[in-house]
Number of protein chains: 8
Amino acid sequence: MNSDMRILLERVRSGDVSVDDAMMQMKTAPFEDIGYAKVDLHRRVRQGAAEVIYGAGKTPEQILGIVKTMQKNGQGRVLITRMSREAADYVGAQLELDYHEDARVGLVGGIPQATGIGKVVIATGGTSDIPVAEEAALTAESLGSEVVRLYDVGVSGVHRLLSHMDLIMGATVIIAIAGMEGALASVVGGLADCPVIAVPTSVGYGASFGGVSALLSMLNSCASGVSVVNIDNGFGAGYLANMINHMEVPK
Amino acid sequence: MNSDMRILLERVRSGDVSVDDAMMQMKTAPFEDIGYAKVDLHRRVRQGAAEVIYGAGKTPEQILGIVKTMQKNGQGRVLITRMSREAADYVGAQLELDYHEDARVGLVGGIPQATGIGKVVIATGGTSDIPVAEEAALTAESLGSEVVRLYDVGVSGVHRLLSHMDLIMGATVIIAIAGMEGALASVVGGLADCPVIAVPTSVGYGASFGGVSALLSMLNSCASGVSVVNIDNGFGAGYLANMINHMEVPK
Amino acid sequence: MNSDMRILLERVRSGDVSVDDAMMQMKTAPFEDIGYAKVDLHRRVRQGAAEVIYGAGKTPEQILGIVKTMQKNGQGRVLITRMSREAADYVGAQLELDYHEDARVGLVGGIPQATGIGKVVIATGGTSDIPVAEEAALTAESLGSEVVRLYDVGVSGVHRLLSHMDLIMGATVIIAIAGMEGALASVVGGLADCPVIAVPTSVGYGASFGGVSALLSMLNSCASGVSVVNIDNGFGAGYLANMINHMEVPK
Amino acid sequence: MNSDMRILLERVRSGDVSVDDAMMQMKTAPFEDIGYAKVDLHRRVRQGAAEVIYGAGKTPEQILGIVKTMQKNGQGRVLITRMSREAADYVGAQLELDYHEDARVGLVGGIPQATGIGKVVIATGGTSDIPVAEEAALTAESLGSEVVRLYDVGVSGVHRLLSHMDLIMGATVIIAIAGMEGALASVVGGLADCPVIAVPTSVGYGASFGGVSALLSMLNSCASGVSVVNIDNGFGAGYLANMINHMEVPK
Amino acid sequence: MNSDMRILLERVRSGDVSVDDAMMQMKTAPFEDIGYAKVDLHRRVRQGAAEVIYGAGKTPEQILGIVKTMQKNGQGRVLITRMSREAADYVGAQLELDYHEDARVGLVGGIPQATGIGKVVIATGGTSDIPVAEEAALTAESLGSEVVRLYDVGVSGVHRLLSHMDLIMGATVIIAIAGMEGALASVVGGLADCPVIAVPTSVGYGASFGGVSALLSMLNSCASGVSVVNIDNGFGAGYLANMINHMEVPK
Amino acid sequence: MNSDMRILLERVRSGDVSVDDAMMQMKTAPFEDIGYAKVDLHRRVRQGAAEVIYGAGKTPEQILGIVKTMQKNGQGRVLITRMSREAADYVGAQLELDYHEDARVGLVGGIPQATGIGKVVIATGGTSDIPVAEEAALTAESLGSEVVRLYDVGVSGVHRLLSHMDLIMGATVIIAIAGMEGALASVVGGLADCPVIAVPTSVGYGASFGGVSALLSMLNSCASGVSVVNIDNGFGAGYLANMINHMEVPK
Amino acid sequence: MNSDMRILLERVRSGDVSVDDAMMQMKTAPFEDIGYAKVDLHRRVRQGAAEVIYGAGKTPEQILGIVKTMQKNGQGRVLITRMSREAADYVGAQLELDYHEDARVGLVGGIPQATGIGKVVIATGGTSDIPVAEEAALTAESLGSEVVRLYDVGVSGVHRLLSHMDLIMGATVIIAIAGMEGALASVVGGLADCPVIAVPTSVGYGASFGGVSALLSMLNSCASGVSVVNIDNGFGAGYLANMINHMEVPK
Amino acid sequence: MNSDMRILLERVRSGDVSVDDAMMQMKTAPFEDIGYAKVDLHRRVRQGAAEVIYGAGKTPEQILGIVKTMQKNGQGRVLITRMSREAADYVGAQLELDYHEDARVGLVGGIPQATGIGKVVIATGGTSDIPVAEEAALTAESLGSEVVRLYDVGVSGVHRLLSHMDLIMGATVIIAIAGMEGALASVVGGLADCPVIAVPTSVGYGASFGGVSALLSMLNSCASGVSVVNIDNGFGAGYLANMINHMEVPK
């Protein structure tokens, strides 16, 4: 149990804080005071890594406001996902913003120096999957991972993937992104020896059903070590990949 | 227009057949008499190839009766699909039957000498897909095709498939059979240079949804030359593969 | 095994190429050098037939660039599918392009002389299915097949189809295209004696569910010799039909 | 407005019934007394036609009890649908019952003399659809319609249907019953000039999804005059067909 | 068999027509000549009733062309469904057109005198269902039926429906149109004693899933005499209702 | 039974009303006269509470007309849901209207003094759910309930919810509104001791399927006391919550 | 905040409990000690009402053990839902158990005296829905509500429901239970003036899809005051109905 | 590139191997010889960890045979998943097998000493999820991970989970397993600071749709760091968790 709670209890003991005041503090901020929930409020963030704002459904003004608050609190790097061109123009007019339109990602404060166990390899089945891939890549990079992009290596031309076996074998985590039949995750999962995060995309037409076909395909992957995130959820994959890439390996 | 019709008309002209009788003949058997539908009743069958009985929903007695009628009409080879063990026992007690329990296929009159352009390669993702594959294989063989079996070459271990590239490249038609993620069709379709018939199977659990996941995956295949048949429809794939394998190439 | 690989090995033997250099060549271009994958990179293309560009998700500039590269490499005929009006205008301003707006298909270099076993018959259930049918027709034609169009012969007026029995019976491959109830594939499959490629279309309303109803209907076809491609996938059907129409008997 | 209500009001007027008693009678049996709902309780039944019991979820004892009550009330003919073999044995031991096991239909009092405008033609796509067809046929017959059975005329061999054009053209109502691709309804609807009631069946496997494929196909029928009932609902189709077959011109 | 065929045969007999010519005539127009398919080409149309054009996917020019052709052939009344405002303006500029924008229906030649057994009652659950109802009503009226409109009588206020019991009881056919929960068909089906045609509408939001909820509800109706057409298919319901309303009752 | 009916019967008895007239009155207005359906026409409305207009599919003119009619009949407060900006401008130009654009709710006559047992707590998972929440809140408030808003307390940061346990524990009814995984209802249901009305929202992307994921999640809630309304149905939840909040406890 | 927490803090102040011990107590039982979560552990239970055991997936021995523990702790009444015949026999051999086989509900300690605001009316569409209704009824009764059963009043014969308008109008809460088209909830919701809890049942066949049709219908109900629980979830409805029936008005 | 390939090339150079023989070796075993695919055949396995056999669809004899082959090759530990009681009896009769019937898992050679970064915490929503959880737990343990079981901590009683915050916070990887609403993954994902692998289970009834509800809920999780595997795929989760728990920093 953390020191805040201990301090409060000791102040109760010493009489500095009345029982009623102590109870009020607990009631109004139960987790801050009790300690174990503090992590909910203040997620442990590696030195220099970005904080994240989910831009969808937020006005340009709201996004700017949140970024400024973060900056005031010493958070120099901010990643904004699902950010519209309009919001980027608004925010970019007020502070330095690196906006990636295809990925709909905005970055404040640049990309930090990469840390972590190794490399996050991001593979896509086609070129249409690249916006989702870039969301994943920029997320992982802004959080402190080195990213290797391996685009357009879909399984209908499996030699494209095989000619990069060294990248596949050398990866720490792989993000496999594909729409349509979504088979990339299985093939990569079978070749690689590390966790594979599969991202179905809504790319396609007809029976791709907005990504459902790829989603089901990935969930049914026979390869071990494969797990799946939501359709088009590049951010989620990049976040998880970075988290795995920063597992604290005991020496 | 065929000769039956011509003969009838000529007999009308000569007065051998009255107008009323001619009209009655046309009415009662419009296609047999008129000619162009005759193919509906008497599909062109290559010398020696088997006729097919769909055994599901037929009693053992009915199946036996149909086989005997065929034999009386000079059809020595009969393929019975979706045939139960019980029906096989009943029929096998009366005439020589070669029953394949896993594929639920019965064969009367044996496998004919293979003809056709080349080889039908049948590949499966796993061992659980083999019953469907055998239904396809026995169908194609009984209709007169040479079949090469390439089982358990699923994409989660793509080297298994690649180590048989010679078979893939040398095939005339390929039947790709897989459940779960069904990605085999895409990978094979990308490697091969011939028609690929994809058969999703109901093998799997959870989000495989009885073959729907594999079906969708195959329909979304980015590889060219791939088409799909119904879930577990080994017969349909074998029949179509044999048909393509017997395309009459003009000299 | 192809001659490139043989030449490399012989140069290793003769000492012209060092072991290390040979290994590097294999590593960097594993399939080109080893041979069996060359077909992946350079699909066997019949004399004069078109190469294909999938236009969806590509900018007009990208499409033009690819076409020019192909032309430089001696590929005179190019088929561009899912090509927007805008892209057609851009490309057409720079080189001679034959654009079919309803099918969203662009052709460079014109249609080659038809080769192949026979005719590809393309039937549609209604007039709304024609854009998909034209995508199929232009694909097959640009790859070197003779195409016969048989439009608006839906099963709710089956006499329209029956009055063209000679076309059905004379076809080498049939492409059956229909939305709504999608029954055309079954009726055609029952009448014809050749492979039938069924294409569900997203035409319709209500319970047609964007082509799902037609797709299911076609997958459940009781007629033999029928297989299915993705909803609205005219290209896939045309490609496969042409492939079957060019089956070659090995010498 | 019917006479019961009039009689009650007149008895109120004459003082034979008090206002309170009249109100109580209305309250306890509001529709019997008021008249317009009487049809709810006592549907107009043609002379001699059968009453119907839905046997599913009823015990053999309950079914017998209901039949006996009907008989006491002068209803000599009773149709029991979805009746198990077990229930049939139990009821059949106590009174004369004609049980059709494949249709799971029991008949008490036999089939009445057929009345109505003309004939109800019942067509099925395959032999597996016959149980549903028999439920429809026996329902229509027991309610007083002449039924013509036209089984196994599926669209994958459309000549089978065409060779019975006279039946199709001469029908008053047609019930089209089919599983799998369910295209029979469209073809029949296109050929016929009378109402067509389509019944999807749960026959099939794989992507037939227990009748959903046939259901969607039938709902999407492009033929005019086609409507659809629930999957396997032979009774509903037979009931409606008989109702249309007994349309009465008001005097 | 009809007289055209007889005449042809007699001319063959008399020598006026050669056997070859007779065969050619049969081949080129197999059904016109043979007779039984003539009804496919020339549906029996009651005196004065409208012919129908399905306007969706047709250009204004095409619609005008078809109407003019019909008029030239003596068809004075034409019903155009799914007709856009734009098409109506174009056609209306050239000939007299009565356009109903909410129903997207255009009428040429006005509504004929009503004939038929009795009245077609069209009931809707809400006011949003009225466009579909009007498509049904105008269809039935233009084909020669008297229509009674009973709108906004949804089951969540069942008294609205009950207060019109006389209309329900006096109907010859009822069309029940509803979105959302679609329960109107069941309630009407339980009250009425005539065929009920249920039309689900795509009205609603959330779990109405574009009419699927209403469709399923209607297919599951426990009331006898209810059948269902496609979502929003007002035309289909109006056509079928009119057909039932014109059953030819033998005297 | 109510007095209207008694009066009618007594007038029949006294001869003031003839039997025929009495029958006509019952027929033409069965429920108004008979009494028990009167509540259908005139729902009991608490003093001062608002009447509701469902604005979707109504023109601005229609909405204004209905409001004016209500006002003429003494209904001072009116709640208009699913009201477009355009309709609000039109109505607001003619009478005093309080329009809430995010909730698409218009209020005429203001919010009444809150009555009821206690408080309706409205919790949302995220900020994007607020429009639905505001529809619920304004509905409950306009009907006479006190509402407490507790927004953005989604389960992926459960401490946000727990820090408001006093509100959860003190609620009379809780409305839990969430999209995406919809887990808020279960967590709130487990913490609270009062009825919880769950509202899935269409907020989200990919596998949220327009609210289906949240809907299913809420229907499967393991917490007792939870029930569900349609996706995005804020009005339904607010109406029901207010109804429960006004349960009339007998003295 | 509750007294346990206060006492602990005061004992810290007085020195009776060390800071470390206090922290340990909080850590090991954070909610019991802190107070606000106590309700999670010890739900407020009205005097005499039953505790509930969800029997599915529990062995007879486990169920017996839980019941005995409850009894030891002074809980005389226990309701066991989803209890198999086998479990009932086992438990019933050891203590007095009232087992209702159709509802799969076991009761220990009998039904308590009914309390609450008024009556819970439970209506079903058909007789097959009765097991679910009985689960709801026994749940509400064992928790202390008076229940009125109104079975087999489905909307396809709406007079059955209308003849019980007094029950509908006099209810405090209504549970509407129906399979197939599930329209009962809407009709009841339109007639009643109290909360209606809708329970879809898995009764039916074909397009009822195991209760999905009824579920969707109920979610789309246009009647106000209706909410829905999971398919076949009689317990959930009974629990919620009882909760509403025991709303406590603050003094 | 590995030494096998180098040796081959050097033997070509030295003339020990002819060019033809070298080409044949490459062709027949392309990946073994070329090197980069060797990892496909021989996955790196940590010292002492188990090899895995997927038991579904394999006969007891086949399983025994595979185990014996593994043992001969020095693989002392084998994990068999989806193993039937019957297979366990057969295999257990021949060699020492530790069989867990609820998880359908068999272990040969016992559990190895745990290695890895830290602990794998496995949490379930209910007791019915335990079989899937045990499959995950035994998988992770047999591969060399320490596992902490935290069962029955579903979100409808969130205090149960919160009282184990120390376990959640101290985990290296968490596997969150739940059926029904599947919200556990989100709550755990929000509380934890490590990768969370979500496993939906097919536990539940009604709208749980065999795990689909939980699956969707988990895919839509708003918490970062959560990914999902197939329904009931305990093995997949355990395998991936162990893989993450053994992340290795490259030297």
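**Contacts between and within chains of the predicted model**

Across the interface of chain H and chain A, two residue pairs are in polar contact, both at pLDDT 80 or more. The structure is a predicted model, and the values reported here are computed from it. On the side of chain H that touches chain A, at least two residues each come from helix H4 (38–41), helix H9 (165–170), helix H10 (184–191), helix H11 (212–219), strand E9 (226–228) and helix H12 (234–245) of chain H. Of these, H12(H) gives the most, with five residues. The contact takes 36 residues from chain H and 36 residues from chain A. The size of an interface is often given as the accessible area lost when the parts come together. For chain H and chain A, about 3300 Å² is buried between the two, with 62% of this area on carbon and sulfur atoms. The number of salt bridges between chain H and chain A is zero.

Aromatic pairs were searched for over the whole structure, and eight were found over all chains. In the pair of A:Phe235 and A:Tyr239, the ring centres are 5.8 Å apart and the planes stand at 55°, so the pair is tilted; an angle over 60 degrees would have counted as edge-to-face, and one under 30 degrees as stacked. Both residues, A:Phe235 and A:Tyr239, belong to helix H12 (residues 234–245) of chain A, where they are four residues apart, about one turn of the helix. A:Phe235 has a relative accessibility of 16% and therefore counts as buried, the limit being under 20%. A:Tyr239 is likewise buried, at a relative accessible area of 15%.

In chain E, E:Phe235 and E:Tyr239 also form a tilted aromatic pair, with 5.8 Å centre to centre and 50° between the planes. Helix H12 (residues 234–245) of chain E holds both E:Phe235 and E:Tyr239, four residues apart, about one turn of the helix. Both E:Phe235 and E:Tyr239 are buried.

Elsewhere in chain E, E:Glu134 is located in helix H7 (residues 130–142). The relative accessibility of E:Glu134 is 11%, so this residue counts as buried. Its side chain is joined to that of E:Tyr151 by a polar contact of 2.7 Å. Leaving aside residues up to four places away in sequence, E:Glu134 touches E:Asp102, E:Ala103, E:Arg149 and E:Tyr151.

Charged side chains were also found over aromatic rings of other chains. G:Arg82 lies over the face of H:Tyr205, at 4.3 Å from the ring centre. The charged end of H:Arg82 is placed over the ring of B:Tyr205, at 4.2 Å from the centre of that ring.

The backbone of chain G was examined at two residues, G:Arg82 and G:Asp152. Most residues other than glycine have a negative phi. G:Arg82, although not a glycine, has a positive phi of about 45°. This residue, G:Arg82, is in the loop between strand E2 (78–81) and helix H6 (85–92) of chain G, and is buried, with a relative accessible area of 13%. G:Asp152 is not a glycine either, and has a positive phi of about 65°. The loop that contains G:Asp152 runs between strand E6 (145–150) and helix H8 (158–162) of chain G. With a relative accessible area of 30%, G:Asp152 is partly exposed.

Technical notes
Residues numbered from 1 in each chain as written. Chains lettered and ligands numbered in written order. Predicted model: local features only at pLDDT ≥ 70, side-chain atom pairs only at ≥ 80, totals over all residues. Heavy atoms only, no water. Phe/Tyr/Trp six-rings, centres within 6.5 Å; stacked < 30°, edge-to-face > 60°. Buried < 20%, exposed > 50% of the residue type's maximum accessible area, 1.4 Å probe, protein only. Lys NZ or Arg CZ within 6 Å of the ring centre and 35° of its normal. Contact = heavy atoms within 4.5 Å. Buried area = accessible area lost by both parts, 1.4 Å probe. Salt bridge = Lys/Arg side-chain N within 4 Å of Asp/Glu carboxyl O. Polar contact = N/O pair within 3.5 Å; in protein donor to acceptor, adjacent residues only side chain to side chain.
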